[in-house]
Amino acid sequence: MISLNRRHALSLIGATAGSLVLPRFAIGQAARPSVTIAVQKITNNNTLCVWKEQSNVGERVFFPNFWEGLILRDWMGNQGPVAGLATEWKRIDDKTIELKLRQGVKFHNGDELTAEDVVFSFSKERVFGDTEPAGGKTIFADDHKPTTVKELPASVPGIGRRLWPALAGVEAVDKYTVRFHNTTPDVTLEGRLYAYGSQIANRRAWDEAPSFADWARKPITTGPYMVGEYKPDVSLTLVAFDDYWGGRPPLEQIRFVEVPEVASRVNGLLSGEYDFACDLPPDQIAAIQAAPGFEVQGSTIQNHRISVFNVQNPILADPLVRRAMTHSIDRKAIVEALWAGQTVIPAGLQFASYGEMFVEGWAAPEYNPELARDLLKQANYKGDAIPYRLLNNYYTNQTPNAQIMVEMWKQVGLNVEIEMKENWGQIHDPAGIKGVRDWSASANINDPVTPMVSQFGPNGEAQQKKDWTNAEVNELSVVLETSTDQARRKKAFARMLEICEREDPVYQVLHQNAVFTGMKSSLKWRAAPAFAMDFRSANWTN
């Protein structure tokens, strides 16, 4: 068996080598500070729509400063549910949940939040299109292409059903009471209400927008900050909304600036150009902390870094080859080499927050080059090239991680070739032959329905993009989504882990993700255990 320590792993890298909103000052109140944040990417789809922009980078600019839901995620705590635009909620039965809206909440255009806005936010017009509330069937974007500029982008209905597979609709009981009606039982309804996508939009602003694109560049929401200026691929400026129901925001404005290169983010931070620099690799931490007046905050988060296989590739159609790829990777060496031991190798695609649903005794595939070589021999693999579509450090340490993995695959006889791409559109382009790609998987709910079902079930992106499908996984996804028997749900989840990570691999888990943010030490702010950056009054002291 080949031993690969940190120094050896590092050596493999070399071997493979609109109009600006000006600050507003309230009479009788002190001027508030503003901050500039250097990020590697603002959004991937050049919109600010929570359904169209489902990404890690979107989480950072959306939550909790801009978009809000009826139930909020406890970003600074255990990531569970807390009251938001709804003050209370109760189950009517296994299929129905009733919520009381917070009264007096204002949208950024001055409208009061009412049940009408909630009904609209979960309507066919806003998210579901002509799809039906029936789980277990994959919804493809090609079947939902818009015919007018006001209609939803082709991908949105399928994404909507990814989170709400069986939602029949929302009923306005009265002005401040709503009921969510599901067609099937669902123990995760409360969780779905605080998940990414279930945030509330203003009905009137949608109606008045000439097109979806116009609306999506400046959605009207209820958050503590509103859109001042959005320049796609350049910057996003959020400005304080002083009528916010949670009190006066502590900052005048938050400006996100797109700075793709790590070195430029770090240099800009140290020169004073930026107040924060996001997505720092661990090898930058010491230099920042050694500079007077600067510090780094961060931790592991509810997100795992993974690789995804495309089985339309004739080589990867054989699960033996994919299994060999998963056993070729020394995850411990990668964590030590690239992350200085500041993250962990998780127990497969699951999180401790699952509680009783966590499958004890499960682990990521063992590092076993001899087994990998044997599997390749059984598959009669002849050394044909497997393409690896790669972005340049969209994820922290993405490029060096890919270079190390390619060398590890080479050591067992796998011929994996990196193909550099500029954006996610090129990664998913159906033209040409696909093979391996990078991704990450988030637990948006403290239940294995995310990310197992939400990313790899019938309406997960992996199946919607035609990377992979598995009939048994789709059947088990329905069990996770509809059963109220937790023992049965856990058994289904355990079986899905066996299929997706052992028998018919669709992904391989690499390590838990960690986020590190450089900042000026004078700023009284704490990093959340998430991509999100909280600039509400409870997390900022002037």
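A crossing of two helices is termed left-handed if the near helix is turned anticlockwise from the far one by less than a right angle. In the predicted model described here, α18 passes α19 in a crossing of this left-handed kind. Helix α18 spans residues 471-482 and helix α19 residues 486-503, and the two pack with their axes 9 Å apart at an angle of about 155 degrees. Because angles over 145 degrees count as roughly antiparallel, α18 is described as roughly antiparallel to α19. On the side of α18, the contact is made by Glu-472, Val-473, Leu-476, Ser-477, Val-479 and Leu-480, while α19 contributes Arg-488, Arg-489, Ala-492, Phe-493, Arg-495, Met-496, Ile-499 and Cys-500. Sorted by class, the residues in this contact of α18 with α19 comprise nine nonpolar, one polar and four charged.

A further helix pair is formed by α11 (residues 319-327) and α13 (residues 369-378), whose axes come within 8 Å and cross at roughly 165 degrees. The two helices are therefore roughly antiparallel to each other, and the crossing of α11 and α13 is left-handed. Helix α11 takes part in the contact through Leu-320, Val-321, Arg-323, Ala-324 and His-327, and α13 through Pro-369, Leu-371, Ala-372, Leu-375, Leu-376 and Gln-378. By class, eight nonpolar, two polar and one charged residues make up the contact of α11 with α13.

Strands of a sheet pair through backbone hydrogen bonds, either parallel or antiparallel. In the model, ten strands form an open sheet of mixed pairing, arranged in the order β8-β9-β10-β1-β11-β16-β12-β15-β13-β14. Helix α16 (residues 449-456) lies across β12 (294-309), β15 (436-442) and β16 (507-520), and runs at about 140 degrees to β15.

Several features of the backbone remain to be described. Most residues other than glycine have a negative phi, and most peptide bonds are trans. The peptide bond from Phe-63 to Pro-64 is, however, cis, with omega near -10 degrees, and Pro-64 is located in the loop between α2 (56-62) and β2 (71-73). A cis peptide bond is likewise found from Thr-450 to Pro-451, with omega near 5 degrees; Pro-451 has its place in helix α16, the helix that lies across β12, β15 and β16. Asn-46, although not a glycine, has a positive phi of about 55 degrees, and Asn-46 lies in the loop between β1 and α2.

Methods: Residues numbered from 1 in each chain as written. Predicted model: local features only at pLDDT ≥ 70, side-chain atom pairs only at ≥ 80, totals over all residues. Heavy atoms only, no water. Axes fitted to C-alpha atoms, helices over the stretch in contact; angles between N-to-C directions. Helix = DSSP H or I, 4+ residues; strand = E, 2+ residues; numbered from the N terminus. Parallel < 35°, antiparallel > 145°, perpendicular 65-115°, else oblique. Contact = heavy atoms within 4.5 Å. Nonpolar A, V, L, I, M, F, W, Y, C, P; charged D, E, K, R; others polar. Pairing = 2+ DSSP bridges.
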